[in-house]
Amino acid sequence: MDQQNSIKNKYYYAIFLCLFLGMFGIHRFYTGYKKVGLIQLFLLISVIGLPISFVWALFDLITIINKKYKTKDGIYLTDYSDYHNKAEIYVSAFYENEDADILLKKATELKSSDINKSIDLLKQAYIEISKTSTNYSIETFLRLPLYLQAAHRSEEAIIEFNNLLENGYPNQLKLKDIIPMEHSRIYDKMRLFYQREKQNEKAISYGLYSILLDCLGLYLQKRIKELEANKNIIFIKQRITPLLKKAKKIENLDKISNILLDEINKLPNICSFEELSAIVENNIGNNDKTNLK
């Protein structure tokens with residue numbers, strides 16, 4: 001939340017500076033555009049450039065207020081009043097009546113060119129989904145945290161992952177034998193998230209817990225043959241080898257494989273993620289320096 005507060009403060013400061021000192025280009029200096037700020041300042045000094053400087057400052061002010069202004073380092077300034085907090089979801093009036101499938105498609109199309117707009121479209125799509133009884137897969141809702149990560153909004157992404165784990169998603173089928181499978185997908189995406197954040201050791205626990213939850217789902221669905229295949233130590237090693245290689249911990253393959261097998265053999269009893277994470281950390285250590293929770 002510190003990152004959000006920082007952006008929120010910059011949003012208000014930028015409005016203040018642009019409103020009272022915009023013609024001097026001070027808001028441009030503040031947001032990292034020093035060369036542009038100098039141009040605005042020189043325009044103000046010249047008689048011919050005075051009206052241009054006024055119109056430019058006015059345009060910037062409108063852009064900032066409407067949260068379309070991006071700083072030099074690529075961050076959109078916002079007060080977060082239009083972003084969801086926990087259960088609240090951002091509402092974009094422009095897209096309010098569009099079908100969820102159309103919004104989801106538009107979000108995909110805009111991902112590479114305007115990731116923040118794509119995120120807004122996803123949030124609006126979720127609102128439209130909640131108005132219907134249509135069931136969408138967990139993958140539809142896992143797009144948002146990964147898009148947030150792509151937009152360098154990692155703390156928001158973590159909030160989204162945790163919200164999915166704690167509160168689920170619109171029209172979710174709350175079936176005892178399905179929930180573990182869906183949570184397995186969430187933990188697997190969190191594994192991917194931490195790998196992209198270069199926290200490969202931390203990603204190990206998320207990958208392992210994803211496998212454990214997948215096995216729990218197989219157990220509850222009485223898919224015994226598949227479960228037995230997943231309990232095969234050779235198969236386990238094949239699944240976790242990429243995790244350990246990426247973290248440069250492949251020397252712990254036998255140890256971690258046996259830890260996971262022990263937990264699978266305890267089904268339907270299952271340890272918490274925190275318990276498994278502590279076991280893994282005690283056995284391989286954790287040298288990741290970044291602290292995203």
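## Overall make-up

Of the 293 residues in the chain, 49% are buried, where buried means under 20% relative accessible area, exposed means over 50%, and partly exposed lies in between (1.4 Å probe, protein chains only). This is a predicted model, in which local features need pLDDT of at least 70 and side-chain atom pairs count only at pLDDT 80 or more, while totals for chains, interfaces and linings use all residues. Residues are numbered from 1 along each chain as its sequence is written, and side-chain values use heavy atoms, with hydrogens and water left out.

The secondary structure comes to 14 helices and zero strands. Helices (H or I, at least four residues) and strands (E, at least two) are DSSP runs, numbered from the N terminus. The accessible surface of the chain is about 15,900 Å². Carbon and sulfur atoms account for 57% of that surface. Accessible areas come from the Shrake-Rupley method with a 1.4 Å probe; for residues, only the protein chains shown count as cover.

Contacts also reach along the sequence. Among those between residues at least 6 apart, 63% join residues at least 24 apart. Contact means heavy atoms within 4.5 Å.

## Helices α5 and α7

Two packed helices are described by the angle between their axes and the distance between the axes. For α5 (residues 100-110) and α7 (residues 138-150), the angle is about 30° and the axes are 12 Å apart. Axes are lines fitted to C-alpha atoms, for helices over the stretch in contact, and angles run from 0 to 180 degrees between N-to-C directions. The crossing of α5 and α7 is left-handed. A crossing is left-handed if the near helix is turned anticlockwise from the far one by less than a right angle, and right-handed if clockwise.

From α5, Leu104, Ala107 and Thr108 take part. They meet Thr140, Arg143 and Tyr147 of α7. The contact residues divide into three nonpolar, two polar and one charged. Here Ala, Val, Leu, Ile, Met, Phe, Trp, Tyr, Cys and Pro count as nonpolar, Asp, Glu, Lys and Arg as charged, and the others, Gly among them, as polar.

## Gln124 in α6

Helix α6 (residues 115-130) holds Gln124. Gln124 has a relative accessible area of 1%, so it is buried. Leu103 lies 21 residues from Gln124 in sequence. In space, the two are 7.4 Å apart, C-alpha to C-alpha.

## The α8-α9 loop and helix α9

Asn171 sits in the loop between α8 and α9. Its phi is near 65°, a positive value in a residue other than glycine. Asn171 counts as partly exposed because its relative accessibility is 24%.

Gln172 is in the loop between α8 (154-167) and α9 (179-196). At 14% relative accessibility, Gln172 counts as buried. Leaving aside residues up to four places away in sequence, Gln172 touches Ile179 and Glu182.

Helix α9 is mostly covered, with 14 of its 18 residues buried. At 1.5 Å a residue, α9 should span 26 Å, and its end C-alpha atoms are 26 Å apart, which agrees. The expected span of a helix is 1.5 Å times one less than its number of residues. Just after α9, Lys198 takes a positive phi of about 65°.

## Lys222 between α10 and α11

Lys222 is in the loop between α10 (200-220) and α11 (224-230). Lys222 is not a glycine, yet its phi is positive, at about 60°. With 68% relative accessibility, Lys222 counts as exposed.

Ser257 belongs to helix α13. Its relative accessibility is 0%, so Ser257 counts as buried. Ser257 touches Ile233, Ile236, Lys237 and Ile240, not counting residues up to four places away in sequence.

The buried residues of α13 are Leu253, Ile256, Ser257, Ile259, Leu260, Leu261, Glu263 and Ile264. They pack against α10, α11, α12 (233-246) and α14. The twelve residues of α13 should span 16 Å at 1.5 Å a residue; the end C-alpha atoms are 16 Å apart, which agrees.

Pro268 is in the loop between α13 (253-264) and α14 (273-284). A cis peptide bond joins Leu267 to Pro268, with omega about 10°.
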